[in-house]
Structures are given as C-alpha cells and as structure tokens.
Amino acid sequence: MSAQIHGMLRTDPAFDRLTEVATVDPDLLVTDFDSAEAAVLAGTEVLFTHWGAPRLTEDALRRMPGLRAVVHAAGSVKAHVTDAVWQRGITVSSAAAANALPVAEFTLAAILFANKRVLDVAHTYRTERAPIDLLTFYGGYGNHRRTVGVVGASRVGRRVIELLRPFDLDVLVHDPFLAPKDAEALGAEPAGLDDLARRSHVVSVHAPELPETRHMFDDRRLALMRDGATLVNTARGSLVDTGALTRELVSGRLHAVLDVTDPDVLPPDSPLHDLPNVLLTPHIAGSLGNELGRMTAWAIDEVDRYARGLPFAHPVGPDELSRLA
C-alpha cells in the first residue's frame, strides 16, 4: 500500500485491533518486495494489503516460503495477486464487499438526482438567479415509475438493486451470468443489454473490466438510449467509449454521471469538464476518508478468522477473477 494510505489506516481505531489478533509491526510498510528485509519476508505468514500493494510474483513468493494467506483491505485483488499465489495454495480474502457499499450509495444518489434533473435545474437556477418555470421545463421528470437499468449483477450492482427497492422505480438488470429466476429474486426484470439501453431512463454500469466488456457502450449502443437518458458509470472507464459518449453529451441528447473515465484523468481540454449535463468526479464513489475504516475492520475480521482456524468470510478464488472489477 502507499505511505499515505498506511498513515490513514494506522490512525484508524480499527487498525489497533490488528495487533490483538496477530503478531505484527503496525509501523512496517512494504512497498517493494525486492528492497524489503529478507528476514521479515521469510517469517511472514499473512500479508495485509491495500491499494498500491506490490505484485506477488513468483520471485516475491520465493522470498516468503511461509506465506499462507493474503488479506486485502480494499477491493479488487487483480493488481497484485497472480496465478502463482493460488498455485502455491495461498488463500486470498478481499474487503471488496465493504467497498461496494459506498459505491452503491453514490450510485443511488446519482440515480435519484438524475431523474429529478438536479444538475439541469441547479445550472439553470445559478444562471438565471430568478424564479424557474419548473412545470414548463421540467414537468416530465421525477422518480415515479422511471426505469433504471443496472448493467452487471456484481456486489455493487446487487446492492444498488437492493437500495432501489423502496422507490417507485422499475428496475432492469443485465448480466450474462445471472439466471432469470435469480434476477427476479433480486427484484429486477432480466433484460438484454440493447433492450435495457432502449428502455431505461438511467443506465448504471457495474460490470467488470474484461476484453469482452471494453466499450460495451459504444456509438451503436449509446444511440439506442432514449433522448434525455442518463448514463452512470462507477465501474471502469474502459466500459464506455469516451469519444462516442462525448459526442452524445456535447449534442445534449444524453446526460452522464461519470466517476470513472478512460483515460482515468481526462485531458484539460475535454469538453466533459464544463458541460452542464455532466457530473464528473475523480473516482470518489468507493471508500473515501473514514469509509476506509470499514474495509480495515472487515479485513481484520478475516485475519482473526484465520488465526482461529476458520475459513475466510470473503474469500477470492482464481475462478472469480474473470467476473471481478
């Protein structure tokens, strides 16, 4: 993990419990296995990792012959867990489920605001600084009986569907791994991706980043979306063709809430920075600030389970990587 994240976790009360369930130096931070003290690595049984952890290559694992488990106090393990980890029988756990909670909360807010046209109204009000004829300009909007399309029944996608239940919304879901009966059990109508794009007032993307999902929202699929629809992306920027979406947004036909983009940081001259129909945020939907403590607590619970000889509550296996973000 980075020194900044380590510093934040080190001051979190939840982190103190780690010393109660494991023999650990809470001040020790390893950012590079090549430069780490050999004796420390040789005696390591459990790695407690976070964003920015170095990759667990075959060479790195040879330095840790006693390593039995990797507990990740963050989301995806794709950046640092390699096939060599599972080939050596090392178990892996992730706090991705904890990180999914704030992403889903952010998404819920984005959906409700999108259907109320909050961005539009705020921009108009700020510009006019006078009474707004709401019924004339925004009479067709609101959150009653609008259709929301959720792309991907991931941890986040499922939590979003759950959070949408109290509202008078019709929810569609698309996921090639989700059986129709399971979609209905979640409280959503299963739909093909093109059908979902056509019918939804808001499309929220929660699919993993894979070769087959790259630019799943391209020129053709974006054109299927109804006029005035909103695209919410809190998953990965590569799932949306930035050029195609930019053209639709510049035209004013679509709206967007983008917490992730491709590239990760848009160039300064991108029109998306200034369009009134776009809310652009720098990847803040996931755990931020004090929300990191929740992931830390979940990860320490896993270390505690390991110490007591219990299986992980949130294990990650090699077969799951193809469906994870």
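This is a predicted model: local features need pLDDT of at least 70, side-chain atom pairs count only at pLDDT 80 or more; totals for chains, interfaces and linings use all residues.
**Exercise 1. Which way do the residues of strand β7 point, and are they buried or exposed?**

Start by finding β7, which covers residues 202-205. Next, sort its side chains: V202 and S204 point one way, while V203 and V205 point the other way. In general, side chains in a regular strand alternate between the two faces of the sheet. Last, check the burial: all four of these β7 residues, V202, V203, S204 and V205, are buried.

**Exercise 2. Which strands pair with β7, and in what sense?**

Take one partner at a time. Strand β4 (residues 146-151) pairs with β7 in the parallel sense over 4 bridges. Along this pairing, V151 stands opposite V205 of β7. Now turn to strand β8 (residues 230-233), which also pairs with β7 in the parallel sense, over 4 bridges. Here S204 stands opposite V232 in β8. To finish, follow the chain: β7, helix α13 (residues 219-224) and β8 make a right-handed β-α-β unit.

**Exercise 3. How do helices α7 and α10 cross, and which residues make the contact?**

First locate the helices: α7 spans residues 96-115 and α10 spans residues 155-164. Their axes come within 8 Å and cross at roughly 50°. Because of that angle, α7 is oblique to α10. The crossing of α7 past α10 is right-handed. Finally, list the residues in contact: α7 contributes A96, A97, A100, L101, V103, A104, E105, T107, L108 and I111. From α10 come R155, V156, R159, V160, L163 and L164.

Note on methods. Residues are numbered from 1 along each chain as its sequence is written. Side-chain values use heavy atoms; hydrogens and water are left out. Buried means under 20% relative accessible area, exposed over 50%, partly exposed in between (1.4 Å probe, protein chains only). Helices (H or I, at least four residues) and strands (E, at least two) are DSSP runs, numbered from the N terminus. Two strands pair if DSSP finds at least two bridges between them. A crossover is right-handed if, with the strands pointing away from the viewer, the path from the first strand over the helix to the second runs clockwise. Axes are lines fitted to C-alpha atoms, for helices over the stretch in contact, and angles run from 0 to 180 degrees between N-to-C directions. Angles under 35 degrees count as roughly parallel, over 145 as roughly antiparallel, 65 to 115 as roughly perpendicular and the rest as oblique. A crossing is left-handed if the near helix is turned anticlockwise from the far one by less than a right angle, and right-handed if clockwise. Contact means heavy atoms within 4.5 Å.
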